[in-house]
Amino acid sequence: MSSLRYLLRTVALVGMSAALVAPTAVAHAEPSPADLTRRIEASSTELERVVESYNKLNEEIKANKATVARLQTRIGPLEQQVEQSRADVAQLANSAYKSGGLRTADALLRPGGSAALLDRLGTLDQLTRQRQARISGFTANQQRLLDEKSRLDATLARQAAQARELAAGKKRIENDLSKLYELRRQAYGSATERPSPKAATAEAKNVPAVSGAAGTAVRYAFGALGKPYVWAADGPNGYDCSGLTSAAWRAAGKSLPHNTRMQWSAVSHIGKGDLRPGDLVFYSGLGHVALYVGGGQVIDAPSAGRNVLKRGMNMMPIQGYGRVR
């Protein structure tokens, strides 16, 4: 009987041990390479969306700074006009006070007959109109100044709010980056690809012969091959996707905003059959953009941890195609 009790205790202990060990083993199971790849792709897509939002804010802040500069340029002369108008009105008031003989009652009492009276009343009316014109001019100038200052204050307030939002966005990106880099370390043993300066040299023989501004943009993109993805950067040492396309076309003398959605709004939309080297390829959700280089291939800055590369343009669903105006 004691042997039976011993056996039952042993079975119970083994069962408890299995119950305790099994969940631990499952919880610490290593993700498969396929799982890691899916997580990296999902994280990269989300990160790129956040980076493009950051880029959009940056572009809006640049535009606001330009608006502030224009407003401040206009406000200076307006302030001078208001000061001059104020001085003119003050001088007019002072003259009217000193020559108080222009009052109607005084004019009626003066000798000289009806002709002199009409002259004096005409002078009074003329001076009154001049004074009213100067006062109206002063009021108009003052209102223009107030309107411009109001626009300036609103722009500065919007800019300050955007700067705070930008700082919050930067923190989020840095946090997301650390998670993505950890996934890449698990999957590939390294958080980032090593920059590859020889990539551009190796592809030099494949640069298509394209004339004009488009040719300049294409050659620039080939020269960026092997350089690292750097979020919010537009060269020359690193790029994000819209940073690369804007830098390539800047080299060609064309200005493109450093944001995918803004670039989509800035280009002429074309069909796939009209694609030529130098055109832009936009991807679904407008979270990514690449530069078409011919032969069904694009050059792009793919995602954090990777380098600028040339690859087939159908690597993800395409939103549309654009030609820089």
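Tutor: A nonpolar core is a set of buried Ala, Val, Leu, Ile, Met, Phe, Trp, Tyr and Cys residues joined through side-chain atoms within 4.5 Å. Buried means under 20% relative accessible area, exposed over 50%, and partly exposed in between, with a 1.4 Å probe and protein chains only. The model is predicted, so local features need pLDDT of at least 70 and side-chain atom pairs pLDDT 80 or more, while totals for chains, interfaces and linings use all residues. Residues are numbered from 1 along each chain as its sequence is written, and side-chain values use heavy atoms, without hydrogens or water.

Student: How many residues does the largest nonpolar core have?

Tutor: It has 45 residues, and those with the most contacts inside it are I173, W249, L280, L291, I299 and V308. Two or more residues each come from α2 (33-98), α4, α6, α7, β2 (280-283) and β3 (289-294). The largest share, 8 residues, is from α2. Another core, of 9 residues, lies apart from this one and includes I270, L275, M313 and Y321.

Student: How are the elements assigned, and in which order do they run?

Tutor: Helices (H or I, at least four residues) and strands (E, at least two) are DSSP runs numbered from the N terminus. The protein has 8 helices and 6 strands, in the order α-α-α-α-α-α-α-α-β-β-β-β-β-β. Buried residues make up 34% of its 325 residues.

Student: At what angle do α6 and α7 cross?

Tutor: Axes are lines fitted to C-alpha atoms, for helices over the stretch in contact, and angles run from 0 to 180 degrees between N-to-C directions. Helix α6 (residues 212-223) and helix α7 (residues 241-251) have axes that come within 7 Å and cross at roughly 130 degrees. That makes α6 oblique to α7; angles under 35 degrees count as roughly parallel, over 145 as roughly antiparallel, 65 to 115 as roughly perpendicular and the rest as oblique.

Student: Which residues meet there?

Tutor: Contact means heavy atoms within 4.5 Å. A213, A214, T216, A217 and Y220 in α6 meet A247, A248, W249 and A251 in α7. These divide into 8 nonpolar, 1 polar and no charged. Here Ala, Val, Leu, Ile, Met, Phe, Trp, Tyr, Cys and Pro count as nonpolar, Asp, Glu, Lys and Arg as charged, and the others, Gly among them, as polar.

Student: Where is D176?

Tutor: D176 is in helix α4 (residues 113-188). Its C-alpha is 9.1 Å from that of S44, 132 residues apart in sequence. Neighbours within four places aside, D176 is in contact with L47 and V50.
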